[in-house]
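Q: Can we go through this model together? I'd like to start with how its parts are arranged.

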Amino acid sequence: MIFYSVSIVMIHPVLQFFNSLDPRIQFTLEVENNRRINFFDMALIRMGHVVTCKWYQQPSSSGRYLNFLSVRPYTYKKNVAVNLVRRILGLTHVGFRKGVIRTGKKLLAENCYPPALINWVFSEVSNSMNNGTSPKLPRPAIDSSKYCPAICSTIV
């Protein structure tokens, strides 16, 4: 990613110049809209002469992640939550954190993650990012297993 500030009349000549350097490398152009550029899951926001970052979701995002009630190992579910929270906190400037934390908690809740686990993950990831350690998340008291008629019918 290259940031380059030019007048509106110079946009295409500059793009042509960069694309002429090597035929195997072709650049694309993004023009800011309302002082921001959305790039993958990050919004770059221009505030005066400073560019800040914020975690971003496209309007077309379904918000679906691995559902906590799914029949998958607990570690998969935990890792989904931890990595989502790392992205949210890692890509967001401190000034925007309250709003994106609220959105992240809502996303996890919509995917059936328990409120206690959601709060624990945000707390642990935030603390680990501040002191450079890995979050230590608890093992659940109850775990799910896949239904297997041959085994389950003999248990009852």
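A: First a term: contact means heavy atoms within 4.5 Å. This is a predicted model. Helix 2 lies across strand 2 and strand 3.

Q: At about what angle does helix 2 run to strand 3?
A: Helix 2 runs at about 165 degrees to strand 3.

Q: And the sheet, what order are the strands in?
A: The order is 1-2-3, in an open sheet of three strands with antiparallel pairing. Strand 1 and strand 3 (50-55) are at the edges with a single partner strand each, so one side of each has no neighbour in the sheet. On average, neighbouring strands are turned by 20 degrees against each other, direction ignored.

Q: How many bridges join strand 1 and strand 2?
A: Four bridges, in the antiparallel sense, between residues 36-39 and residues 42-47. Arg36 stands opposite Ile45 of strand 2. The hairpin has two residues between these strands, and Phe40 takes a positive phi near 55 degrees there.

Q: Back to helices. How far apart are the axes of helix 2 and helix 4?
A: Their axes are 9 Å apart, and the helices pack at an angle of about 55 degrees. Helix 2 and helix 4 are therefore oblique to each other. The crossing is right-handed.

Q: Which residues make that contact?
A: From helix 2, they include Tyr74, Val82, Arg86 and Leu89. From helix 4, they include Leu117, Phe122 and Met129.

Q: What classes are they?
A: The contact of helix 2 with helix 4 has eleven nonpolar, two polar and one charged residues.

Terms used:
Residues numbered from 1 in each chain as written. Predicted model: local features only at pLDDT ≥ 70, side-chain atom pairs only at ≥ 80, totals over all residues. Heavy atoms only, no water. Axes fitted to C-alpha atoms, helices over the stretch in contact; angles between N-to-C directions. Parallel < 35°, antiparallel > 145°, perpendicular 65-115°, else oblique. Left-handed = near helix turned anticlockwise from the far one by under 90°. Nonpolar A, V, L, I, M, F, W, Y, C, P; charged D, E, K, R; others polar. Pairing = 2+ DSSP bridges.
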